[in-house]
Amino acid sequence: MVDVVVIGGGPAGMSASLKAKQQGASVLLIDSEPRLGGILNQCIHNGFGLKHFKEELTGPEYASRLEKEVKEAGIEIMLNSYVNFIQKNMVYVITPNGQEKIDCKAIVLCAGARERSAGEIYLKGKRLAGVYTAGSVQKMINFYGKLPGKRAVILGSGDIGLIMARRLTLEGVKVEAVLEIMEHSSGLRRNIRQCIEDFNIPLKFSHTVTRVVGKDRVEGVYYAQVDENRKPILSTEKLLECDCLLLSVGLIPENSLLPESVKRNKFVIVDDERQTSEEGIFISGNVLHIHDLADNATEEGEIAGKFAGLYSQGKLEKFDKVNLSFSKNISYCMPSLINKKNEGKFTIYMRANANFLKKNILVKCGNEVIAKKFCIGITTGEMQEIEVEYSKVKDDIFVDIEE
Amino acid sequence: METVCICCPIGCRLKIEKVDGEVRVSGNSCPRGKAYGITEYTSPKRVLTTSVNTGTVTYTLKTTDAILKEKLFDAIAEIKKLKLKNYNLGDIVIKNLLNLGVDVVITGVLKEV
Amino acid sequence: MIFDYVVIGGGVIGTAIFNKLVRKGKTCVLLEREPDLATGATKANSGLIHAGFDAESGSLKAKFNVRGNELTENLAKELKVPFKRTGAVVVGNDLEKLKALLERGEKNGVRGLEIVEGDKLKSLVPNLKEDIKYALYAPSAGLISPYMFAIALAEEGVINGGVCKLSFEIDRVEQKDGVFEIFGNNEVLQARKVINSAGAGFNEVSKLFKTEEFPIKFRRGEYIVLDKSDFVKLTVFPLPTALGKGILATPTVDGNILLGPTAEDIEAFNTETTECGIDKIISYINSTFNNVPLNKNIRQFSGIRVSCGEDFVVTESKLNPNVILIAGINSPGLSSAPAIAEYVVEELLKEHSEDKPMIARKGYTCEPAGKIICKCEKVGEKEIENAINAPIPATTVDAVKRRVRAGMGRCQGGQCMLDICKLIAKNLNIELEEVKKESAKSNIMFKGGF
């Protein structure tokens, strides 16, 4: 019997464990890999930690900082262990030696995300060796020192795609092009600068791969410009010779472990404490929604861990909840339920539906503006956040981006 | 010139120009951005990260500071020559890489990869 | 040694015949030119054991299908290959055509056929569009994993004394004193009789043995695979057309949903998927069903059905009586496989002895299964190693996938492909960069450049 089981030892899971422990709870942290850190271990580039550690770190450094804290805090760690099934107060684990049932009082799911596959985007043509998700190539190069080919095309300009364009180039692979179906990149601006422009890699917006060709391995891809409905314009189709195609076409929260009864809309519905509709099951990090930065996932893990720790000891105070809704300028907000507390602050995270220049993010309760933040530039690729005081939340709240 | 600051995820849009022999940076929102802008105008530098797999252990590495952009490929070739064994996180494995004034340090040790 | 038989082609037909010959106590070698079995038509079809109402009465297809359906269940049980008799329906509003199908089915010897409508139809296919009123229900139709069936047939054959040679490319063939000498892979195999079950490669093999070649046509069928769901609980066909049985929706024996196939005549063997094919499937399925879980789409593939005329060709060569020719095995080839094997071995080759008792294959699952490698399908390290070290070793990523389903789930190997490569390399004692996806030249990765 343990108070809190945290599933997933990436940044969210480690910080959740730490915070739960700080509340006085006993904590078991489970990960399916032989080490903590999750995907951070393969993200060997720098740019992590400015927010959380106030210092620029590489992925593995960021992971080992948190790991050190976890170990010093005396958190129990279970590695190489796959959580098969969860229900309230119960976690079923498959360890290398067999199955185990673990009783607990609260669960924090921090299982991260997976990459969208070729099948999920209906990639046409052959299913050949040489078509990989960007993340698996990242692991191929950074863990094993192997290469996916000599001439690469990258589909999708999210951050992983951009980072891999640079990584491949530095390892001697020629990146023939990065193709992006949208009119803009969903990656960070600085990554376009330092990963693409630094190496003069062609980045083609409004373009996609129409066909993968080859016999045993990829020998080329056909690509074309897309129209406003993102359908390829076949008259623009061209062949690009290459021997591998990397897919960086989005991350999908890996939340299949959650019981069916947990309420969802586009995402799993959580309150500001990151508790799901099933009491005692909390969720944070990329398994909830996709974060731009490990630092943000860490921060969210802390929220979930703290309240799971309190809950597990019967110390979590209950409040009435209000709903959070948002305008059509916003694609989603996190969280979607707010506890009506009397003091302190909470943060609303959101992604915009379009790019905006010099706009305000407004949080309204009825007609009253209860929080306001001016932003010079808002892009679809970058998560926005705004702090709100609990005491101002009297009723349902509404978030908007406007003049 | 116009560029994007790479110091942090905000990615400020910088305008850098030389006025009366002095490099001026605008658009930055912190002092790091200003310093970056000046270097970018005169001699662009980047931090290099890479990894070395020894068969059983993978070491991830970085330069302790940014190095001249045009030296990135020479630097990575130099690092790949390393035969690493029994190093720990934080150990310096190359001192003064290619006389660029930076060291190469271990950022991660991955066993059982 | 001189083998009694050589079977060429490791698809479900070749493996079924190989298995049957071993059961008859014959010495037999199975040759496959790819690194794994079941890599042609066998790996890319609907995975159905048809009831047998569709084929023209009196045809080989009708005869073998109905008999094959009867044989498959027990055979699958023996081989420890999952088989589910879930049934099938043909849906439509043309009651006359459905009745004609029912009559044909009864004539073919299919049992249990009935026309259903109303609540019964609704309970069989809850997601069927309301404007589709009738169905022919065939409870004897079933589901099997076609590649696992073929692999298990061959594996059991090997455990019981048969020989299987993968990656075996035949260079030339000679015949001396009634014995074939087959040269390839730096060795010579001797055998008295040959079964050409090379599928799409039939004519190439026929050339080597100087036997009949047939005009072979290729028809491509594209499919969409959905992640596991209960969208349909049995196979749902539209009314058949001249091009085939039409686009169906079916569960697979493993619980996925399969939508397809299209039917497109093509000039040369080409397994590409196309915009047009995929769109066709989606629009047809959306017009027939409600609540199509297309958001669970995880993969598309296409399979090639070869044909030489309307019916199967299963016959002795007129040019060389020691060669059995099996060609044009398209649908219902999988359903017919055990019956074709029975016919070839007992009728054509006149091996009438009782089947000998067989040593059972173990399969790959185990408890504990080891560290979970494929998280989507929950496949353990030890299970993957069992497949790699099996009597017919899985030496490629796709071979592992076919046997234990590692990489078959929603992430399609995105998370576990490299771990599987590592396990293959470790168990075969080869370098990571030598690991292949499927064919001999399909290397997954290369050595770093420095």
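This is a predicted model: local features need pLDDT of at least 70, side-chain atom pairs count only at pLDDT 80 or more; totals for chains, interfaces and linings use all residues.
## Domains of chain A

Chain A splits into three domains. Domain 1 is built from two stretches, 1-115 and 252-318. Between the C-alpha centres of domain 2 and domain 3 of chain A the distance is 35 Å.

## Chain C overall

Chain C holds 11 helices and 23 strands. Its C-alpha atoms fill a box of roughly 65 × 60 × 45 Å along the principal axes. The radius of gyration of chain C is 22 Å, which agrees with the value near 22 Å for a compact globule of 450 residues.

Of the 450 residues in chain C, 56% are buried.

## Helix α9 of chain C

Helix α9 of chain C covers residues 381-388. The helix is largely enclosed by the rest of the structure, because 7 of its 8 residues are buried. These buried residues are C:Glu381, C:Glu383, C:Ile384, C:Glu385, C:Asn386, C:Ala387 and C:Ile388.

What covers them? The cover includes two strands of chain C, β21 (372-374) and β22 (379-380). It also includes the helices α10 and α11 (417-428) of chain C.

## How α9 meets α10

Two packed helices are described by the angle between their axes and the distance between the axes. For α9(C) and α10(C), the angle is about 115 degrees and the axes lie 9 Å apart. The two helices are therefore roughly perpendicular to each other. Their crossing is right-handed.

On the α9(C) side, the contact residues are C:Glu383, C:Ile384, C:Ala387 and C:Ile388. They meet C:Val400, C:Arg403 and C:Val404 in α10(C).

## C:Arg402 in α10

C:Arg402 sits in helix α10 of chain C, which covers residues 397-404. Is C:Arg402 buried or exposed? C:Arg402 counts as buried because it has 27 C-beta neighbours inside 10 Å, and the cut-off for a buried residue is 20 or more.

Beyond its neighbours within four places in sequence, C:Arg402 contacts C:Ala38, C:Lys43, C:Tyr147, C:Met148 and C:Ile151. C:Gly413 is 11 residues from C:Arg402 along the chain, and their C-alpha atoms are 12 Å apart.

Terms used
Residues are numbered from 1 along each chain as its sequence is written. Chains are lettered from A and ligands numbered from 1 in the order in which they are written. Domain bounds come from an automatic or database domain assignment. Helices (H or I, at least four residues) and strands (E, at least two) are DSSP runs, numbered from the N terminus. A residue is buried if 20 or more other C-beta atoms lie within 10 Å of its own, exposed if 12 or fewer, and partly exposed in between; C-beta atoms are placed from the backbone. Two residues are in contact if their C-beta atoms, placed from the backbone, lie within 7 Å. The radius of gyration is taken over C-alpha atoms; the globule rule is 2.2 Å times the number of residues to the power 0.38. Axes are lines fitted to C-alpha atoms, for helices over the stretch in contact, and angles run from 0 to 180 degrees between N-to-C directions. Angles under 35 degrees count as roughly parallel, over 145 as roughly antiparallel, 65 to 115 as roughly perpendicular and the rest as oblique. A crossing is left-handed if the near helix is turned anticlockwise from the far one by less than a right angle, and right-handed if clockwise.
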